[in-house]
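Subject: Structure handover, strand pairing

Hi,

Here is the structure I promised to pass on. Please load it first, then read the notes below.

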Amino acid sequence: MKTNNNTIQTAFAAIILIAILFLYFYPNAQAQTRQNFTPTDTFDIPQQNGSIKFATNGSYASATLQNDTWIFNDLRFNTSRPQGTLKVSAQNSNMTIFSYQSSNFIGRSEFLRVKVDGLGRQTVNLGLNVSRSTNPSEWSVITPGSIFLAEGEGWKLQPDNTVVVTGLTGNFTIAHYNLGLDDDENLPFHQKHSVAIITAIVLTSTIAAAVAINLRGRK
Amino acid sequence: MLSDYPSIVLMIYAIVVAAGIILILKLSKDKTRKISSLRLFIQIVALIAIFMGLLIGPFNQPNSLFYPLGISPRDRLIGADILGNQFPDGISLPILACYYPNGRTVTCALWQLQAYIFPFWNYPRGYEVIYSTSGLEKIAIVIGMLAIASIILGRSFCGWLCPFGLYQDLLTRIRKTARRKHLSFTDKTSKKLGQSRYIIIAIFLILSFIFASYTIFGTEIIPGTKLGGPQGTEAGIVSNINEPFCLICPMRPLCIIAETGIGQMNYSYISQIVYGPFWISGFYLTSINLAVLAATTILALTYRRFWCRICPLGALTALFSSFTPFKQIALTKLQKDEQKCTKCGICKRVCPTQATAMYEQKGGDVTESRCMLCARCVEICPYEGALKLTFARKTIMESRNWLDQKNSRTDFPTKKDTVNMESKR
């Protein structure tokens, strides 16, 4: 009986070990088809006299230059989770990307931290996971000292959710807060107010049940 | 299978918790500590559950073993997933737990109330004014959720689940380890403190309206509270004062320190002196937060559960569970059997919030607004069935004759006995 127990325990431990090893090597196996980049790599945009660089190591599934815009598919930094598709361009300036958080991260906010050298024009599309045009109030361009620039003060939002930055230099962050301002606008009433309806139903049921329980107890 | 990782974690957690509760109930031999041990365990369990994302998040990095398992519960924003865009900040509960470390799964109801008051109507939005499309509806939902939680569990949220309650209980344990005796307020002061909670919550909710005056009335009552504005500094100040209670909340620094400590929040949010008036020391934290935390810590070392006596969130819960008409229908109650009570007064002495109803009132429902249903009085009462904690009229816990078993005595203790027993522990 004791031997059987030992065998079961050993088998169990072995299964756990194999599972852990599998989990450890699984992402490395996936990563083989990806392209790596380092801070020394420069992505030039010759027609615009601009360039894009990354401040840290990372990788992407593909990077293509289309219409003077670099499109990085499935961008990842060594210290980050898988990100989405980032589209950036720089005109008469050099942009260094420090960090990027797409909707894949927490689903409700996206940002790009950059440093720009040269007075020029940059366009940034963070690859939002929304089909609508966003509202400028959902966006912030933040300069050092936590100064939040309003739209028109060096940046403008395009209908395709691309942010166009003009004349800003140095470090700044382009951030989007997706807190569902307009997502529910076109839903039918019961879906648009489902949380309120469910809360009202649960509250009514709770009160009814509580009254019934207390009345029955008194009798 | 891998994408179900949060569900698996939660399932395993539930099994561990159930096993833990059974073990405590089976193995704990000291009847005067059994409920306290169980309560401590549940407080820790609740803390882990509320902030589970904090614990799992750091392991969910690319270089981590757990990375391929998928995103963590924190990143899933469970509340947002369940409630959708209508209510992205998580389920309102009467516990002090900021929304950012818990991934907006459950959220402090007071924060939500203030946040939804500020952008009351659909005014052109500025930075941080993000809930304006349906502020009134959201406020109604928060109040509804609070009412549901309070009718079902009453102030046991404070006694059994609130992370800040656990913090104060741990301070009490430190005091006991140092063999220092606690101080008590006089009954009159204790009652006054209990009443002050309602004034405190009224002040902060009125402040929320005042800060939102530009949104609501189109007039800026306090300079600098105008929405948005062309310059970010103004909007930044607004973002800090639209939740006035959060500026003084003692739990906020603990949440931020915990999140920063494990690298889930930028340290500069605590350390950097940013823009604005003197009370803002960092992006999330104010010097008032830190001062209130320090004062509460010192006071909680001296007076048991000091903060709970003045906590406005506890007052909100009490409103929905301890006052008529809600008191009549509350499901969790402290019951007293007058026939079995000898008025020894031990229940009154051990109560961490100095509630007195279980001593002063005659039999029946003795739950009062100061009582947080921690069941310490039930645990320590040596008269079989004199005090009971009931849920839906079913007894969950009741007092036991622990003196009889411990000392092989057959006679019930006198007041002097219980005083001696209590002073020894």
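Start at A:Ile52. Its bridge partner in E9(A) is A:Met95. Note that this is a predicted model.

**Around E3(A)**

Strand E3 of chain A covers residues 50–54. It pairs with strand E9 (residues 94–101) of chain A in the parallel sense, over 4 bridges. E3(A) also pairs with strand E2 (residues 42–45) of chain A. That pairing is antiparallel and has 4 bridges. Here A:Ile52 stands opposite A:Phe43. So which sense does each partner take? E9(A) is parallel to E3(A), whereas E2(A) is antiparallel to E3(A).

E2(A) and E3(A) form a hairpin, with 4 residues between them. In the turn, A:Asn49 has a positive phi of about 55°. How covered is E3(A)? Mostly: 4 of its 5 residues are buried.

**The open sheet**

Chain A also has an open sheet of 6 strands. The order is E5-E6-E8-E11-E15-E14, and the pairing is antiparallel. Strands E5 (62–66) and E14 (155–157) of chain A are at the edges. Each has a single partner strand, so one side of each lacks a neighbour in the sheet. From one strand to the next, the twist averages 15°.

One bridge partner pair is A:Leu157 with A:Val163 in E15(A).

Best wishes

How values were computed. Residues numbered from 1 in each chain as written. Chains lettered and ligands numbered in written order. Predicted model: local features only at pLDDT ≥ 70, side-chain atom pairs only at ≥ 80, totals over all residues. Pairing = 2+ DSSP bridges. Helix = DSSP H or I, 4+ residues; strand = E, 2+ residues; numbered from the N terminus. Axes fitted to C-alpha atoms, helices over the stretch in contact; angles between N-to-C directions. Buried ≥ 20, exposed ≤ 12 C-beta atoms within 10 Å, placed from the backbone.
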